[in-house]
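Subject: Handover of a structure for your study

Dear colleague,

Please find below the structure that I am passing on to you. The notes after it set out what was found.

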Amino acid sequence: MGSTTTETQAWDLEFYTNFAARYHEHFCHDKVLGEVIRTFVSKLPANAQVIECGPGTGIAAATIVASGCHLHGIDQSEGMLAICRQRVPAGTFEVADMLKYSVPDSTYDGIVASLSLFELSKQETAAMLQKWHGWLRPGGLLLIGTWDPERQGVSPDKFDADGCATKMPYEFMDHTVYNTLFTQTAWKTMLEKAGFEVVLTETDSFKPEGNCIVEERYYITAKKTEMGAN
């Protein structure tokens, strides 16, 4: 989570902590995400070091660890991580804000951020891409899971010149949340600017249980190139 105001951030943390168990019940049947993770891990070296930013209740984390990776996860919600630690005891997890978190350069072979970037602003998203470029070893891979706003039905007039739509309201488990969304072209441009090459994209239409809309998922695997952003 990367909210831009202290008030909003406090509400988000309480919201995600309080509904952690419900969230897992609604989303744990996501088989396509498991397939996406296994494809991603297959491109990493054996016993890869992976960090997941926003593991939530461990839906992706369980597959990462089962695939033979060493996983460290950071998330701002203690409630989410409590479930994650129970489900994925072989991983290590800590409460942390990805925007403020730091590690030495070239620490990880892979980075996963699945459905955890919606509340970051346009500028914060760009900053995270540059941070992740530094965290990865040469040739390391980044996996981003997000929504495709055009398939989601966002009106063209909601996008700025860079293909970003901000503060888009969605009903999410009986609550209204506000997302920052980017077109497929915008993601490619931002990733290239941060020093990545897109090597694979995948799509899925996922319907969580309960009162949730169909999510038009967009998964991007990008490789760290020799030259980062200027």
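**The surroundings of Asn179**

Leaving aside its neighbours within four places in sequence, Asn179 is in contact (heavy atoms within 4.5 Å) with Phe118, Trp147, Ala165, Thr166, Lys167, Met168 and Tyr170. Asn179 is found in strand 7, which covers residues 175-182. With a relative accessible area of 4%, Asn179 is buried; buried means under 20% relative accessible area, exposed means over 50%, and partly exposed lies in between, for a 1.4 Å probe and protein chains only.

**Basis of the values**

This is a predicted model, in which local features need pLDDT of at least 70 and side-chain atom pairs count only at pLDDT 80 or more, while totals for chains, interfaces and linings use all residues. Residues are numbered from 1 along each chain as its sequence is written, and side-chain values use heavy atoms, with hydrogens and water left out.

**The chain as a whole**

The chain contains eight helices and nine strands; these are DSSP runs numbered from the N terminus, with helices (H or I) of at least four residues and strands (E) of at least two. Of its 230 residues, 55% count as buried. Among contacts between residues at least 6 apart in sequence, 68% join residues at least 24 apart.

**The sheet**

In what order do the strands of the open sheet stand? Seven strands form it in the order 3-2-1-4-5-9-8, and the pairing is mixed; two strands pair if DSSP finds at least two bridges between them. Strand 3 (92-95) and strand 8 (196-206) stand at the edges with a single partner strand each, so one side of each has no neighbour in the sheet. From one strand to the next, the twist averages 15°. Axes here are lines fitted to C-alpha atoms, for helices over the stretch in contact, and angles run from 0 to 180 degrees between N-to-C directions.

Several of the pairings may be followed strand by strand. Strand 1 (residues 49-53) and strand 4 (residues 108-114) pair in the parallel sense over three bridges, and Ile51 stands opposite Ile111 in strand 4. Strand 5 and strand 9 run antiparallel and are joined by seven bridges; the bridge partner of Ile144 in strand 9 is Ile220. Strand 8 and strand 9 also pair in the antiparallel sense, over 10 bridges, and there Thr203 has Tyr218 in strand 9 as its bridge partner. Nine of the 10 residues of strand 9 are buried, so strand 9 is largely enclosed by the rest of the structure.

Asp75 has its place in strand 2 and is buried, with a relative accessible area of 8%. Asp75 and Phe93 are 18 residues apart along the chain, and their C-alpha atoms are separated by 7.9 Å.

**Helices against the sheet**

Helix 5 (residues 78-87) lies across strand 2 (70-75) and strand 3, and runs at about 170° to strand 3. Helix 6 (residues 122-135) lies across strand 1, strand 4, strand 5 (136-147), strand 8 and strand 9 (215-224), and runs at about 145° to strand 5.

**Helix 3 and helix 4**

Two packed helices are described by the angle between their axes and the distance between the axes. The axes of helix 3 (residues 31-42) and helix 4 (residues 59-66) come within 9 Å and cross at roughly 40°. The two helices are therefore oblique to each other: angles under 35 degrees count as roughly parallel, over 145 as roughly antiparallel, 65 to 115 as roughly perpendicular and the rest as oblique.

Which residues meet where helix 3 and helix 4 touch? Leu33, Gly34, Ile37 and Arg38 in helix 3 meet Ile59, Ala60, Thr63 and Ile64 in helix 4.

Six of the eight residues of helix 4 are buried, so helix 4 is largely enclosed by the rest of the structure. The buried residues of helix 4 are Ile59, Ala60, Ala61, Thr63, Ile64 and Val65. Just after helix 4, Gly68 takes a positive phi of about 100°.

**Arg151**

Arg151 is placed in helix 7 (residues 149-152). Not counting residues up to four places away in sequence, Arg151 touches Thr203, Asp204, Ser205, Glu216 and Arg217. Arg151 and Glu215 are 64 residues apart in sequence and 9.2 Å apart in space, C-alpha to C-alpha.

With kind regards
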